[in-house]
Amino acid sequence: MRYHLDIRVEVPTPTSSGGTRVWEAAWNARTDLAAPDGTVLAPKSRLWASHTGGHQQIGCIYTAQGLEFHHAGVIVGPDLTWNHDRWTGHPERSRDKELRGLPPEQYLRYALNIYRVLLTRGTHTTRIHSIDRKT
């Protein structure tokens, strides 16, 4: 069984051909994904980080806080951008329905805290990829 690949990151390759490298992954599952024989291939979201199959999924602040990993990766989405000398929050670009309607100044406080928590989950290394769409 193949996971639904919710997250897609396109990275320009540093070649003269100007190609693009694509990385895709599944968001943490809302329900167990199982093989026809009943074997759980991916756990539901609350278990994604500690169950077989979870390594093939991406977690969020709600399922990653309180956990530590040897190696972590964080994708800074289009909801948080760096503009000259400050961070700017874009709640309309958030995947969190609860936060999408906040004013940008209020959303920025939440976004900075969310990313701070995610960036501190790796105990040995943390890799960061930013999707900074210029407005």
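# A tour of the protein chain

From the N terminus on, the elements of the protein chain run β-β-β-β-β-α-β-β-β-α-β, where helices (H or I, at least four residues) and strands (E, at least two) are DSSP runs, numbered from the N terminus. This is a predicted model, in which local features need pLDDT of at least 70 and side-chain atom pairs count only at pLDDT 80 or more, while totals for chains, interfaces and linings use all residues. Residues are numbered from 1 along each chain as its sequence is written, and side-chain values use heavy atoms, with hydrogens and water left out.

**The whole chain.** Begin with the protein chain in cartoon view and count two helices and nine strands; its C-alpha trace spans about 55 × 40 × 30 Å along the principal axes. Switching to a surface shows an accessible area of about 9400 Å², of which 53% belongs to carbon and sulfur atoms, as computed by the Shrake-Rupley method with a 1.4 Å probe. Of the 135 residues in the protein chain, 33% are buried (buried is under 20% relative accessible area, exposed over 50%, and partly exposed in between, with a 1.4 Å probe and protein chains only). Among contacts with a separation of 6 or more, 46% join residues 24 or more positions apart, a contact being heavy atoms within 4.5 Å.

**The nonpolar core.** Next select L80, Y115 and L118, the residues with the most contacts inside the largest nonpolar core, which has 15 residues; such a core is a set of buried Ala, Val, Leu, Ile, Met, Phe, Trp, Tyr and Cys residues joined through side-chain atoms within 4.5 Å. Colour α1 (61-64), β6 (69-76) and α2 (104-119), the elements that give two or more residues to this core, and note that α2 gives the most, with seven residues. Now centre the view on L118, which is in contact with C60, I61, A64 and V74, leaving aside its neighbours within four places in sequence.

**The salt bridges.** Move to R8 and display its side chain together with those of E10 and E24, since the three are linked in a network of salt bridges (a side-chain nitrogen of Lys or Arg within 4 Å of a carboxyl oxygen of Asp or Glu). Between R8 and E10 the closest N and O atoms are 3.0 Å apart, and the side chains of R8 and E24 also meet in a salt bridge, at 3.0 Å from N to O.

**H129 in strand β9.** Select H129, which lies in strand β9 (residues 122-130) and is partly exposed, with a relative accessible area of 28%. Showing its surroundings brings up V9, V11, V74, I75 and V76, which H129 touches when residues up to four places away in sequence are not counted. H129 and V11 are 118 residues apart along the chain, yet their C-alpha atoms are separated by 9.8 Å.

**H84 in a loop.** Finish at H84, placed in the loop between β7 (80-83) and β8 (86-89). Although H84 is not a glycine, its phi is positive, at about 60 degrees, and with 79% relative accessibility H84 counts as exposed.
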